[in-house]
Amino acid sequence: YNVWTYRRKILKNIKYDPKKEICWIEELIRENPKNFYFWEHRRAVANWNSRYCDAESELKLTEAILEEDSKSYHAWQHRQWTIHTHKYSNFGLLSNEMKFTDELLLKDVRNNSAWNQRFYILKQRGKTDFIVVKNEFSYVIEKIKNVFDNESAWNYLRGIIENFPNIKKAQQFQDLIKFIENEFYEKKNCNRHLIAFLIDAKIEMILNFYECNEIVHSQKVLQLCNLMAERFDKTRKNYWKFIYKKFCFDKMQQRE
C-alpha cells in the first residue's frame, strides 16, 4: 500500500506519460486481477487523466476479466465506479449495462454478481420511471418461474419491493401473490424462498389492514414460520420463532 501511495505522489510531481501508465497498469491487472492495489491505482490515474480512461475502455477491461471469473469482486467494483463516473456524460451507459447483465443471466441465472449489478443500475437511475420498475418486476418473476429456488432472483425481487414500494399498488404484485399462493397451497411447491416471501406478504397484509381474514392469515403465518423452523431452514430455527413473536407483538401494539 505504501509503495503504491508513494508512486502516486511521484507521478503528481513529475512530467509523465499518462497513457503509458494506464497501459502498464492494465497489463498488471490482466496478469493478476485479484490485486486490489492495481485497480485502485488505475482509478487514481484515471481521475487525473480522464481522456485516457473513457467508459468504453474501462468496461472492456472489466468484461475481459469477467469472462475468466464472472464473480470477480474487483472487476465488478471497477465497473460500478466507471458507470458512476461516466453516467452523466454517456447517456446510453445505464441501458447498455442492463443488456450486459441480461446476457450474463442468460448464461447463468444464478449469477449473484450480475443480479447485484442489475440492482445497482436500477438504483443509479434515481427516481426511476415506474414503467421501468414494472418491467424489472415482470423480468425477475419470469426468471423465478424458470428456476424456482434461485435465491439471487428472490433477493432482487425483494429489493425492488423494498426500494420501490409503489409496485405493491400494481396489478402485477397482486398477480404475484396469487401465483405464489397457488404454487404453495395447490401445487405443493415447497421452496424456502417462496415460503419466506409468503410469510412477509401475509404479515404485511395483516399489519397494514389490507382486506383479509386476520385470524386465518395469522394462523397461516404461524404454520409457515414453523415449517421454515422445522424443515426448510433449521439452522435459523430461532430466527423464525423470533419472526412470529415479533409479528404477534406488532399486532398487539396496533390494537393498543
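Entry 1. I looked up E136 and found it buried, because its relative accessibility is 7% and the cut-off for buried is under 20%. The model I am reading is a predicted one. I then asked which residue forms a salt bridge with E136. The partner is R118, and the closest N and O atoms are 2.8 Å apart. R118 lies in helix α7 (residues 112-124) and E136 in helix α8 (residues 130-146), so I noted that the pair links distant parts of the chain, 18 residues apart. R118 is buried as well, with a relative accessible area of 5%.

Entry 2. I turned next to R8, which forms a salt bridge with E40. The closest N and O atoms of this pair are 4.0 Å apart. This pair also links distant parts of the chain: R8 belongs to helix α1 (residues 2-12), E40 to helix α3 (residues 36-48), and 32 residues separate them. Is R8 buried or exposed? I recorded R8 as buried, at 14% relative accessibility. E40 has a relative accessible area of 23% and is partly exposed, because this value lies between the limits of 20% and 50%.

Entry 3. I examined the salt bridge in which the side chains of E151 and R192 meet, at 3.6 Å from N to O. E151 is in helix α9 (residues 151-163) and R192 in helix α11, 41 residues apart, and the pair links distant parts of the chain. Both ends count as partly exposed: E151 at 40% relative accessibility and R192 at 34%. I also noted a network in which E26, R30, R42 and E58 are joined by salt bridges that share partners. For the whole structure I recorded 16 salt bridges.

Entry 4. Where is K241 placed? I located K241 in helix α13 (residues 237-255). K241 counts as partly exposed, at 42% relative accessibility.

Entry 5. I checked the backbone at K188, where phi is near 55 degrees. I noted this as a positive value in a residue other than glycine. K188 lies in the loop between α10 (171-186) and α11 (192-207). I recorded K188 as exposed, because its relative accessible area of 60% is over the 50% cut-off.

Note on methods:
Residues numbered from 1 in each chain as written. Predicted model: local features only at pLDDT ≥ 70, side-chain atom pairs only at ≥ 80, totals over all residues. Heavy atoms only, no water. Helix = DSSP H or I, 4+ residues; strand = E, 2+ residues; numbered from the N terminus. Buried < 20%, exposed > 50% of the residue type's maximum accessible area, 1.4 Å probe, protein only.
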